[in-house]
Amino acid sequence: MSGKPKLRSIWVFHLNTGSCNGCDIEIIDVLTPFYDVERFGIKLVGSPRHAHALLVSGPLTRQAYYGAKETIKAMPPEPRVIVAIGTCTCSGGIFYNGYPVYRRPESGREGSEYPRRGGIAELIADLRDEGEKVGPVIYIPGCPPRPEEIIYGIAQLVGLVEKRLSYQEYSDEFVRFRLPEGPVEERIRLTLRERLRHLVGYLDREKILEDFMSLVKEAEKNENPREELARLVKDYAAKCGDVRLGFCMMLLEREYWRVKDALDAGKEFVYWL
Ligand code: SF4
């Protein structure tokens, strides 16, 4: 938590910015009579205009972005505490780099090589750029966090317990990933497999990769493998009739040449984990 508000009793508003509902159930849980956070002076209100604090859950989808922004702006400017509940709200969680997750255009990070980090920090940064006062922010990670963890976080907020954990800023550094030494083909396969993880969702990634590698094998027999692979991928996309698969294949093709060229040139390449 950055800064410490002097609050003994707070009114909170609950906002879902794309959560799977797991965190929301735990939030409701702490408000019901069993855990009863009202005994600490924490009261759920029906409008952000009356709220000191916002309990946010979810990875911040693009759909939820504008609504969430207006909600925070509707809160009184002081103290505007944000309580980020769940790993998704803290950092994007399992939705990290997912297609529906918001990415700040102001950050200058564009293109499919850069991740959509998600999480409420993206929106807070936008609001602060606009001159809005937001924060302090308290992060309660967990998927979902247990009610006891949420209560502990809120107890810190209202000054009932001292913070024991150290504060750590999220860093936007690339994760530099060096594959273990091994046959070049295997290194490429592992990299593509990792890339596919961000793309395929419910589809069978091993099968897609197997299909792609067999196209590569076929293309390598040709004098001009680059053109041949492009042709084979196009044929595959047309035959399979599933736009998602066609899209995956095209991205794999691009990634394949990026990695192969880097390896052939003896360069270390940067990859997202
Ligand atoms: S942190 Fe876990 S439970 Fe909470 S919204 Fe994300 S996936 Fe769902």
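Visitor: Which way does α7 pass α8, in a right-handed or a left-handed crossing?
Guide: α7 passes α8 in a right-handed crossing; a crossing is right-handed if the near helix is turned clockwise from the far one by less than a right angle, and left-handed if anticlockwise. The model is predicted, so local features need pLDDT of at least 70 and side-chain atom pairs count only at pLDDT 80 or more, while totals for chains, interfaces and linings use all residues. Residues are numbered from 1 along each chain as its sequence is written, and side-chain values use heavy atoms, with hydrogens and water left out.

Visitor: At what angle do the axes of α7 and α8 cross?
Guide: Roughly 140°, with the axes of α7 (residues 205-220) and α8 (residues 225-240) coming within 8 Å. Axes are lines fitted to C-alpha atoms, for helices over the stretch in contact, and angles run from 0 to 180 degrees between N-to-C directions. Helices (H or I, at least four residues) and strands (E, at least two) are DSSP runs, numbered from the N terminus.

Visitor: What does that make α7 and α8 to each other?
Guide: They are therefore oblique to each other: angles under 35 degrees count as roughly parallel, over 145 as roughly antiparallel, 65 to 115 as roughly perpendicular and the rest as oblique.

Visitor: And α2 with α4, which residues meet?
Guide: Tyr 65, Ala 68, Lys 69, Ile 72 and Lys 73 in α2 meet Leu 123, Asp 126 and Leu 127 in α4, where contact means heavy atoms within 4.5 Å. By class, that contact has five nonpolar, no polar and three charged residues. Ala, Val, Leu, Ile, Met, Phe, Trp, Tyr, Cys and Pro count as nonpolar, Asp, Glu, Lys and Arg as charged, and the others, Gly among them, as polar.

Visitor: Switching to the sheet. What is the strand order?
Guide: The order is β2-β1-β3-β4-β5, an open sheet of five strands with parallel pairing; two strands pair if DSSP finds at least two bridges between them. β2 (42-44) and β5 (137-140) stand at the edges with a single partner strand each, so one side of each has no neighbour in the sheet.

Visitor: How many bridges join β3 to β4?
Guide: Five. Ser 57, for one, has Ile 85 in β4 as its bridge partner.

Visitor: Last one: what surrounds the ligand?
Guide: Ser 19, Cys 20, Gly 22, Cys 23, Thr 87, Cys 88, Gly 142, Cys 143 and Pro 144, a residue being near a molecule if one of its heavy atoms lies within 4 Å of it. α1 (22-31) and α3 (87-91) are the elements that give two or more residues to this shell. The shell divides into five nonpolar, four polar and no charged residues.
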